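Here is a short briefing on the fold shown below. Read it with the model open.

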Amino acid sequence: MKKSALDTEIEVLSFVASPEDIKALKNYLADEYADDKLKMDIMNWMWDKRKQINSKKPTDKIPNYNREVYTFLKLIGAK
């Protein structure tokens, strides 16, 4: 059964990134067969967000952070 747009939006909004999610992105970057363009997009995003990724601040307090992590995880097939 296909999810409705509302179900998908609820899933996105309720998602909270964990260290394991960042590890999944790093594993994707290490995959030699992964899409190079997507790998570059993820690396650029990680570089821009490096302080937030390493921060002790709760990720739900960082604007768009969880949504962006979720989007990349969907693109790499990890969610």
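**Helix packing and core**

α2 and α5 are oblique to each other, because their axes cross at roughly 45°. This is a predicted model. The protein chain has 5 helices and 0 strands. The points below start with the pair α2 and α5 and then take up the other topics.

**α2 against α5**

- The axes of α2 and α5 come within 10 Å.
- The crossing of α2 past α5 is left-handed.
- From α2, the residues in this contact are D21, I22, A24, L25 and Y28.
- They meet Y65, V69, F72, L73 and I76 of α5.
- By class, the α2 contact with α5 holds 9 nonpolar residues, no polar ones and 1 charged.

**α2 against α3**

- α2 also packs on α3, at an angle of about 135°.
- The axes of α2 and α3 lie 10 Å apart.
- α2 and α3 are therefore oblique to each other, since 135° falls between the 115 and 145 degree limits.
- The crossing of α2 and α3 is left-handed.
- On the α2 side, I22, L25, K26, Y28 and L29 take part.
- On the α3 side, their partners are L38, K39, I42, M43, W45 and M46.
- This contact of α2 with α3 has 9 nonpolar, no polar and 2 charged residues.

**The nonpolar core**

- The largest nonpolar core has 19 residues.
- Those with the most contacts inside this core are L25, I42, W45, Y65, V69 and I76.
- The largest share comes from α5, with 6 residues.
- In soluble globular proteins, nonpolar side chains tend to be buried together.
- I42 touches L25, Y28, L29, F72 and I76, leaving out residues up to four places away in sequence.

- D21 sits in helix α2.
- Is D21 buried or exposed? D21 counts as buried because its relative accessibility is 10%, and the cut-off is under 20%.
- Beyond its neighbours within four places in sequence, D21 is in contact with F15, V16, V69, L73 and K79.
- F15 lies in the loop between α1 and α2.
- F15 is buried too, with a relative accessible area of 10%.
- F15 touches D21, N66, V69, Y70, L73 and K79, not counting residues up to four places away in sequence.
- D21 and F15 are therefore both buried, and D21 is among the residues that F15 touches.

**Partly exposed positions**

- T8 is found in helix α1 (residues 5–14).
- T8 is partly exposed because its relative accessible area is 33%, which lies between 20% and 50%.
- T8 and I62 are 54 residues apart along the chain, and their C-alpha atoms are separated by 21 Å.
- N44 has its place in helix α3.
- N44 is partly exposed, with a relative accessible area of 42%.
- N44 and K79 are 35 residues apart along the chain. Their C-alpha atoms are separated by 21 Å.

**A backbone point at N64**

- N64 lies in the loop between α4 (50–54) and α5.
- What is phi of N64 near? Phi is near 65°, a positive value in a residue other than glycine.
- Most residues other than glycine have a negative phi.

**Whole chain**

- Read along the sequence, the protein chain follows the pattern α-α-α-α-α.
- The C-alpha trace spans about 35 × 30 × 20 Å along its principal axes.
- The protein chain has 79 residues, and 30% of them count as buried.
- Among contacts with a separation of 6 or more, 56% join residues 24 or more positions apart.

Key: Residues are numbered from 1 along each chain as its sequence is written. This is a predicted model: local features need pLDDT of at least 70, side-chain atom pairs count only at pLDDT 80 or more; totals for chains, interfaces and linings use all residues. Side-chain values use heavy atoms; hydrogens and water are left out. A nonpolar core is a set of buried Ala, Val, Leu, Ile, Met, Phe, Trp, Tyr and Cys residues joined through side-chain atoms within 4.5 Å. Buried means under 20% relative accessible area, exposed over 50%, partly exposed in between (1.4 Å probe, protein chains only). Helices (H or I, at least four residues) and strands (E, at least two) are DSSP runs, numbered from the N terminus. Contact means heavy atoms within 4.5 Å. Axes are lines fitted to C-alpha atoms, for helices over the stretch in contact, and angles run from 0 to 180 degrees between N-to-C directions. Angles under 35 degrees count as roughly parallel, over 145 as roughly antiparallel, 65 to 115 as roughly perpendicular and the rest as oblique. A crossing is left-handed if the near helix is turned anticlockwise from the far one by less than a right angle, and right-handed if clockwise. Ala, Val, Leu, Ile, Met, Phe, Trp, Tyr, Cys and Pro count as nonpolar, Asp, Glu, Lys and Arg as charged, and the others, Gly among them, as polar.
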